[in-house]
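Subject: Structure handover

Hello,

Here is the structure you asked for. My notes follow below it.

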Amino acid sequence: MPAGTLQQANGKTMAKKKAIPHTKCSICSRLADVESAFQKYGWEEDNTYLPAAAGKLEVVKDFKPYSSRKLQLQQCPQCKTYYLYETDYEFLVNGSEDEEYLRRLSDEQAAEYLAK
Ligand SMILES: [Zn+2]
């Protein structure tokens, strides 16, 4: 099959292939390899948040659906790049703390989490 044929194929076929590198992706290009954010209840002025682009990612696997500490495999709907999303939660008397981490995974790393 010539290389160009895949480009014209329907969405199902294209979904299996990486359509574009993450550096060219309108979502992933706005995300660093590692993103982190920190929120403390009662100290909102110091809070940081993940970039809005992080909210465009789709959850592929939820490893801890019932925990207040999340561990999710997420995927970019555009370029199919995988991310690991983790949160940590600490209850403190003077204000609970929430931490979020988003790490871009290589194909090999993503395959490991997909197999879990
Ligand atoms: Zn992307």
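pLDDT is the predictor's confidence in each residue, from 0 to 100. Helices (H or I, at least four residues) and strands (E, at least two) are DSSP runs, numbered from the N terminus. This is a predicted model, in which local features need pLDDT of at least 70 and side-chain atom pairs count only at pLDDT 80 or more, while totals for chains, interfaces and linings use all residues. Residue numbers start from 1 along each chain as its sequence is written.

Confidence overall: the mean pLDDT of the protein is 87, and 84% of its residues reach 70 or more. Residues 3-15 stay under 50. For that stretch the model has 5 contacts beyond four places in sequence. A contact means that two C-beta atoms, placed from the backbone, lie within 7 Å.

Now the fold. The protein has 3 helices and 5 strands. Along the sequence the pattern reads α-α-β-β-β-β-β-α. The 5 strands form an open, antiparallel sheet in the order β1-β5-β4-β3-β2. Its edge strands are β1 and β2, each pairing on one side only. From one strand to the next, the twist averages 25°. That angle is taken between N-to-C directions, from 0 to 180 degrees, with axes as lines fitted to C-alpha atoms (for helices, over the stretch in contact). Strands count as paired if DSSP finds at least two bridges between them. β3 and β4 pair antiparallel over 5 bridges.

Next, packing. Of the 116 residues in the protein, 11% are buried. Buried means 20 or more other C-beta atoms within 10 Å of the residue's own, exposed means 12 or fewer, and partly exposed is in between; the C-beta atoms are placed from the backbone. The largest nonpolar core has 9 residues: Cys25, Cys28, Leu31, Leu57, Leu73, Cys76, Tyr82, Tyr83 and Leu102. Such a core is a set of buried Ala, Val, Leu, Ile, Met, Phe, Trp, Tyr and Cys residues joined through C-beta atoms within 7 Å. Tyr83, a core member, touches Leu57, Gln74, Leu102, Arg103, Arg104 and Leu105, leaving out residues up to four places away in sequence. Among contacts between residues at least 6 apart in sequence, 38% join residues at least 24 apart.

Three loop residues are worth a look.

- Ile20 is in the loop between α2 (11-16) and β1 (34-40). Ile20 counts as partly exposed because it has 15 C-beta neighbours inside 10 Å. Beyond four places in sequence, Ile20 touches Cys25 and Cys79. Ile20 and Cys79 are 59 residues apart in sequence, yet 5.5 Å apart C-alpha to C-alpha.
- Ala53 is in the loop between β1 and β2 (58-62). With 17 C-beta neighbours inside 10 Å, Ala53 is partly exposed. Beyond four places in sequence, Ala53 contacts Ile27, Arg30 and Leu31. The C-alpha atoms of Ala53 and Ile27 are 5.4 Å apart, across 26 residues of chain.
- Lys80 is in the loop between β3 and β4 (82-90). Lys80 has a positive phi of about 70°, although it is not a glycine. Its 19 C-beta neighbours inside 10 Å make Lys80 partly exposed.

Best wishes
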